[in-house]
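Dear colleague,

I am passing on the structure that we spoke about, with the sequence alongside. My notes on what was found in it follow below, and I would be glad if you read them with the model open.

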Amino acid sequence: MTTRMFGAPVHRTEDPRLVTGNGRYLDDLGHDALAAAFVRSPYAHARITDIDVSEAIDVEGVVAIYTYEDLDGKTAERLPLLIPHPTLTNPMTGYALAPELVNHVGEPVAMVVATDRYVAEDACERIRVEYEQLPVVVGIEAARSGEALVHEEAPGNVAAHMVQEVGDTAAAIAAAPHRLTLALEIERSACMPMEGKGVYARWDSDEQSLRIYSSTQTSTGVRAAVAAKLGMPLAKVECIAPDVGGGFGVKIMHPWPEEVLVPWAARRLDADVKWVEDRREHFISSAHERGQLQDVEVGFDDEGRVLGLSVKLWHDNGAYTPYGIIVPIITSTQLLGPYKPGAYKCEFWSLFTNTVIVTPYRGAGRPQGVYAMERTMDAIADYLGKDRADVRSTNFIQPEEMPYDHGLLFQDGRPLMYDSGDFPASLAKLKELVGWDDFAAYRAEAEAAGRRVGLGIGCYVEGTGVGPYEGGHIQIETTGRVNVSTGLTSQGQGHQTVFAQIVAEELGVRMEDVHVTTGDTRRFQYAVGTFASRAAVMSGNAIALAARNVREKALRIAGEALEADPGDLEIVDGIVRVKGDPEAQVALSTIAVLSNPLRYAFDESAKAATQFAGTPDMDKPPVADDEEPGLEGKDFYSPPRATFANGMHAAIVETDPQTAEITILRYCVIHDCGRMINPMIVEGQVHGGVAQGVGGALYERMAYDEAGQLLNASFMDFLMPYASEVPHVETDHLETPSPLNPLGIKGAGEAGCIPVTAVIASAIEDAEGFPITSMPISPTELWDLRHRHAAG
Ligand code: MCN
């Protein structure tokens with residue numbers, strides 16, 4: 001008997017394969033391929049005056065060396081600007097290989113293709129590049145001073161400047177009974193997937209076609225970018241994302257230079273070529289995020305109600321803007337979280353620096369925004385001597401106000417509107433979970449024992465499930481096997497399991513009969529990709545719609561075979577039967593045979609399975625005239641707009657009075673992503689996100705020196721939390737279904753990491769009694785702050 005699969009905490013079906021070493025990652029492929037390696041700029045800003053490859057070309061095993069001069073057609077043009085915006089007055093993207101100027105350490109300058117990676121790296125060492133160094137811009141202060149320029153075309157290093165305002169903020173603040181200002185900083189950091197980027201391209205000279213394997217978050221994106229850059233028809237380019245060991249935003253849409261160059265070299269050399277990123281390359285030539293300075297001015301009343309909120313922020317977008325203003329616009333439009341200020345103004349500047357580019361890293365601008373908003377809430381509560389949770393609830397949007405429109409416009413110019421959520425209920429649950437009302441007694445006890453503890457809180461919303469579309473295809477084989485494909489890719493989110501759950505539920509089949517393929521353009525061509533916590537909403541709904549189409553067809557054919565009204569039929573464990581008459585039944589596998597006459601002719605077991613129906617007429621498939629043969633169906637889902645998930649976190653933190661060591665004692669999460677397909681997977685996503693957030697709050701930062709050299713470009717120096725630093729995460733859920741999609745789903749993939757920096761800052765501040773304005777914070781920095789604070 002089929003049990004309900006949607007909502008069940010099913011173990012991830014992909015895990016036995018992945019945790020027993022049977023995953024197939026990029027570097028498990030193409031052992032005989034030629035290897036590519038790159039000469040990368042050692043300078044943050046320089047002019048290339050000469051490149052001499054004569055010594056390198058003689059290295060035994062070197063097949064080819066390419067510099068910008070060798071590139072042809074569109075490969076010699078700038079990489080695309082993915083998301084333009086009217087406020088992006090100085091858009092700038094890089095080249096696959098730098099023609100003349102290099103704008104950050106790590107930018108590719110030359111490519112070596114050789115028999116193996118060792119040879120290729122040795123040859124890279126022998127390429128002599130002459131540089132004339134130029135003034136370097138590192139950090140937001142240097143960028144906004146405008147003294148040195150990253151790009152001459154961009155005065156003041158400004159890539160974009162944007163203002164949005166709802167109401168008269170200056171007047172609201174001026175008229176408010178109380179006012180505060182805050183100056184906040186979040187440093188640059190980056191995601192560190194276990195598997196770095198990588199691409200492996202096979203050129204078929206007979207077919208004049210390319211097959212590309214890429215460790216990517218969008219195989220359709222890589223395919224489209226390569227086809228465009230290499231001037232090839234889409235039909236001649238395939239892209240497959242094999243198992244991908246994490247993406248977290250660094251592998252999304254924009255084509256990396258290597259993703260263009262490796263296929264280009266494969267075609268040029270009529271060979272298979274592969275490149276796998278090493279960790280140092282990941283640090284200096286992939287992507288960073290988070291770096292922002294944020295000034296807040298707030299006016300509020302005696303209850304702590306925000307009457308006017310003005311935020312100015314400066315975003316460090318690195319050397320180029322392939323994603324336009326996506327990160328700062330997310331900060332500025334989703335910063336308000338669950339609150340409704342009387343008036344709001346946000347102004348941002350996206351600034352060029354001679355550092356690695358920015359891609360939207362898990363949370364994408366929201367951790368910065370939540371940090372600003374939640375520090376503000378804490379500051380108001382402290383100023384008024386009020387309970388921090390009460391101040392928050394005073395400012396909440398109420399459930400009956402949903403859908404709620406702040407009056408802000410998102411990237412695409414459409415209004416940003418919350419669809420559902422119950423913030424008071426979430427807060428009540430969080431307070432209960434963490435024991436909010438008992439904390440004062442706990443603190444008193446701890447203090448009596450010479451310990452210092454603090455309680456922090458942070459609330460957020462997250463626009464998830466953005467369009468434009470995803471599709472799903474379902475085909476039932478004559479064996480009863482259910483093949484499901486969707487075009488977006490998977491990097492560890494458990495899609496194989498959740499999509500199978502949806503199909504099992506919708507079609508009434510057993511989960512073990514459902515086989516899911518993602519990220520393979522041979523199987524599904526029209527797809528966007530996995531980012532913005534969109535897979536569950538987008539592909540989940542598309543697959544459900546496709547399953548409904550298949551179900552309808554199956555019931556119609558079964559109805560004819562069983563001489564029953566389709567409305568009187570049900571499907572249980574892959575068998576269609578008349579409700580209340582279990583004897584009258586026909587298997588979906590049989591219906592698959594009936595709708596596939598050729599298969600019938602060749603398959604004896606199929607004949608046996610369909611005795612009741614007689615021999616199908618080979619001249620006329622037994623499907624209605626207006627239907628296609630085969631028991632299969634396809635559908636697409638396009639959302640009217642993003643659906644808003646939300647959550648609230650609280651943490652109890654201990655700070656050592658002597659050493660200033662910071663320990664997270666408890667971490668509690670209330671999470672609302674609408675209807676959950678699989679609560680176990682959602683919790684896993686939340687836990688992983690919290691771990692990443694703890695890294696961002698306490699350990700991870702990009703340490704550039706003034707010359708633009710990244711000083712901590714290895715795991716010896718860049719700290720990530722181990723399991724020992726990640727707290728046990730206590731999670732509870734609220735399920736307010738989204739009215740925007742048939743399954744009532746909202747996304748969950750980024751939620752865990754969004755408020756962590758704010759929550760930890762809040763807890764440390766509560767323990768220490770002075771403001772925490774710059775994150776991440778190390779024990780040394782906390783110790784310094786203590787002493788500075790004590791000295792007044
Ligand atoms: N889910 C669910 N019920 C819901 C919502 C989600 O069961 N109501 C499940 C989904 O079916 C999916 C998982 O939770 O298995 C995450 O779903 P979703 O929110 O749709 O996010 P995506 O699948 O689109 O994944 C993208 C998201 C992002 S943006 C980043 S960054 C991130 C993340 O997922 N990168 C990850 N989680 C990651 N997890 C791993 N292991 N590796 C990454 O690189």
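Helices and strands in these notes are DSSP runs, helices being H or I over at least four residues and strands being E over at least two, and both are numbered from the N terminus. Please bear in mind that this is a predicted model, in which local features need pLDDT of at least 70 and side-chain atom pairs count only at pLDDT 80 or more, whereas totals for chains, interfaces and linings use all residues. Residues are numbered from 1 along each chain as its sequence is written.

A residue is taken as near a molecule or strand if its C-beta atom, placed from the backbone, lies within 6 Å of it. There are 36 residues around the ligand, of which G492, A535, A536, G747 and G749 come nearest. Two or more residues of this shell come from each of α14 (495-507), α15 and α19 (679-699), and α19 gives the most, with four residues. By class, the shell holds 14 nonpolar, 17 polar and five charged residues, where Ala, Val, Leu, Ile, Met, Phe, Trp, Tyr, Cys and Pro count as nonpolar, Asp, Glu, Lys and Arg as charged, and the others, Gly among them, as polar.

Next, the domains, whose bounds come from an automatic or database domain assignment. This assignment gives domain 1 (33-134 + 191-285), domain 2 (366-465 + 640-790) and domain 3 (467-637). The centres of domain 1 and domain 2, taken over C-alpha atoms, are separated by 37 Å. Their contact takes 11 residues from domain 1 and nine residues from domain 2, two residues being in contact if their C-beta atoms, placed from the backbone, lie within 7 Å. On the domain 1 side, the residues that touch domain 2 are six nonpolar, three polar and two charged.

UniProt lists residues 20-135, in an unreviewed entry, as "domain: Aldehyde oxidase/xanthine dehydrogenase a/b hammerhead"; its positions are given in the numbering used here, feature names are shortened, and annotations may be inferred rather than shown by experiment. In the model, the end C-alpha atoms of residues 20-135 lie 51 Å apart, and the span is 11% helix and 30% strand.

Some single residues may also interest you. N354 sits in the loop between β15 (344-351) and α10 (366-384), and it counts as buried because it has 31 C-beta neighbours inside 10 Å. For this term, a residue is buried if 20 or more other C-beta atoms lie within 10 Å of its own, exposed if 12 or fewer, and partly exposed in between, with C-beta atoms placed from the backbone. Leaving aside residues up to four places away in sequence, the contacts of N354 include H45, N103, H104 and G708.

Positive phi values in a residue other than glycine occur at D270, near 50 degrees, and at S533, near 40 degrees. D270, in the loop between α7 (257-269) and β12 (272-276), is exposed, with 9 other C-beta atoms within 10 Å. S533, in the loop between β21 (514-518) and α15 (535-562), is buried, with 29 C-beta neighbours inside 10 Å.

Finally, a cis peptide bond joins G467 and P468, with omega about 5 degrees, and P468 lies in the loop between β18 (453-464) and β19 (470-476). Another cis peptide bond joins M775 and P776, with omega about 0 degrees.

With best regards
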